[in-house]
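The stops below are meant to be taken in order.

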Amino acid sequence: MAEEHTPLTVSLSQLKLACKKLELDSGIYKMLSLPKRSISVSIDIRMDNGTVGVFNGLRVQHWDARGPFKGGVRYYPNITLDEVTALAMLMTWKCAIADIPFGGAKGGVCVDSKKMSKHELERLTRRYVSLIFEYLGPQRDIPAPDMYTDAQTMAWIMDTYSQLKGFIIPESVTGKPVEVGGSWGRTEATGKGVVFCVKQAAENNGLKLKNAAVAIQGFGNVGYHAAEAAREAGAKVVAVSDSTGGIYSLDGLNIPDVMSHKEKTQSVQGYQGTKNITNEELLELPCDVLIPAAMENQITRKNADKIKAKMVAEGANGPTTPDADKILYEKEICLIPDILANSGGVTVSYFEWVQNLTREQWPLDLVNRKLEDKMSKAFNDVVAIVEKEESDMRTGALMLGVGRVANAIKTLGLWP
Ligand code: NAD
């Protein structure tokens, strides 16, 4: 069986492996293999040209034994319930690994947001929230940004939820703009956290980051901020890409300038002094660190053998298939799994929620210090399991996450 996995079959096989290694009883596997709630809604909106647009909206709430559901909302064509369920499950483990008091959820709307106007996106977001409103809330389920949603989307979600409740509730959403209760440092937290893990792993593996060549697939929130953090750490970002393709320069890229070019032309390609490459070529470049920060299923059985990086840090969720995992492990490529590497975003989301609940706003240096403390603890907890079990990092991280959730479930017991 290879490559025909769906995101959900991958997540379920990971859960099974963790349960087996942890010697958990089969009841726990059965409970954790199904989400607590899956919601599918039909979002009908008036388009700018007067016609009616109908879009499928999903929200999956996986497990909340450790705290309220938490997870991003992505706008992407062809999103399936299978994919959203798998991503919700990953969120449950991720929050447990980061040791923050949330369960896992994920949301999605099947829409090509690039073809929508800002007004249409606002109407879509507000209608989506109105349809799932009773299942959201600061003590129930707190959305955050993901692919093709951003701080503005979160402001609309917060405002709609607040209007329906009758008063402003900033803690109902995270990743919102600072002026309406967002946290300093949230926008860059995921990319920054990825590079923080790279630094820790480089130290453990004797890899020097100064002038190390870094290639990054995806130049959105995670990819851009990972590129900036890598540059700040002394590395050279030699390649980046977006949905239109990538660019490569052995001398390294000026990241803010590449972003200005993308903003002007809608693509990173054609940036001065670089060579245009495909997304596939980017993954196979000779480099020290590869950061897939776009989407699922990018490193597969077909290309894993051609990966030349010494280290792969998963900024995206699920970019590596299980077959590819095995190949990278055999090639002794250090892989930092998504549920650890990209947990910086949800960690600062947690800080945002705490700040909102206490009506405080922490300064950026405090947020960054707390983020490093949390990520360092999570990284070391995973490494301790990896050393004890002599496993790869994904297995170690899964054992930590699934084990913590299972413990919470056992302690709470079953009611009635
Ligand atoms: P984004 O929408 O800001 O950026 C996505 C990037 O991927 C864009 O540059 C886009 O052009 C590129 N892309 C889209 N389709 C592509 C394709 N077929 N090939 C190559 N590139 C493609 O999204 P984001 O928030 O940066 O999320 C990226 C990944 O990181 C997703 O897997 C998401 O689940 C994960 N993630 C995001 C956060 C967060 O805080 N935003 C947190 C944890 C994980």
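Predicted model: local features only at pLDDT ≥ 70, side-chain atom pairs only at ≥ 80, totals over all residues.

**Stop 1: strand β4**

Select residues 103–110, which form strand β4. Seven of these eight residues are buried, so the strand is largely enclosed by the rest of the structure.

Strand β2, residues 52–61, runs antiparallel to β4 and is joined to it by five bridges. Strand β3, residues 69–76, is parallel to β4, with six bridges between them. Here the pair to pick is F69 and its partner in β4, G103.

**Stop 2: K70**

Stay in β3 and select K70. Which side chain of opposite charge is nearest to K70? It is that of D141, at 7.0 Å. A salt bridge requires a side-chain nitrogen of Lys or Arg within 4 Å of a carboxyl oxygen of Asp or Glu, and K70, although buried, has none. Display T174 as well: its side chain makes a polar contact of 2.7 Å with the side chain of K70.

**Stop 3: the ligand**

Centre the view on the ligand. How many residues surround the ligand? There are 22, and the closest are D146, Y148, T190, N221 and N317.

- Y76: a polar atom of its side chain is 3.5 Å from a nitrogen atom of the ligand.
- R186: an N or O atom in its side chain lies 3.3 Å from an oxygen atom of the ligand.
- A294: here a polar backbone atom is involved, 3.4 Å from an oxygen atom of the ligand.

**Stop 4: P292**

Next select P292, which is in strand β10, residues 289–292. Is P292 buried or exposed? Its relative accessibility is 0%, so P292 counts as buried. For a distance check, draw a line from the C-alpha of P292 to the C-alpha of L90: the two are 17 Å apart in space and 202 residues apart in sequence.

**Stop 5: two positive phi angles**

Go to the loop between α6 (186–205) and β6 (213–217) and select N211. Its phi is positive, at about 65°, although N211 is not a glycine. With a relative accessible area of 52%, N211 is exposed; the cut-off for that class is over 50%.

Then move to the loop between α13 (364–389) and α14, where E390 is found. E390 is also a residue other than glycine with a positive phi, near 50°. At 68% relative accessibility, E390 counts as exposed.

**Stop 6: a cis peptide bond**

Finish in the segment after α14 (393–412), where P416 is located. Show the backbone atoms of W415 and P416 and look at the bond that links them. Is the peptide bond from W415 to P416 cis or trans? The bond is cis, with omega near 5°.

Definitions and conventions. Residues numbered from 1 in each chain as written. Heavy atoms only, no water. Buried < 20%, exposed > 50% of the residue type's maximum accessible area, 1.4 Å probe, protein only. Helix = DSSP H or I, 4+ residues; strand = E, 2+ residues; numbered from the N terminus. Pairing = 2+ DSSP bridges. Lys, Arg positive; Asp, Glu negative; His and termini not counted. Polar contact = N/O pair within 3.5 Å; in protein donor to acceptor, adjacent residues only side chain to side chain. Near = heavy atom within 4 Å.
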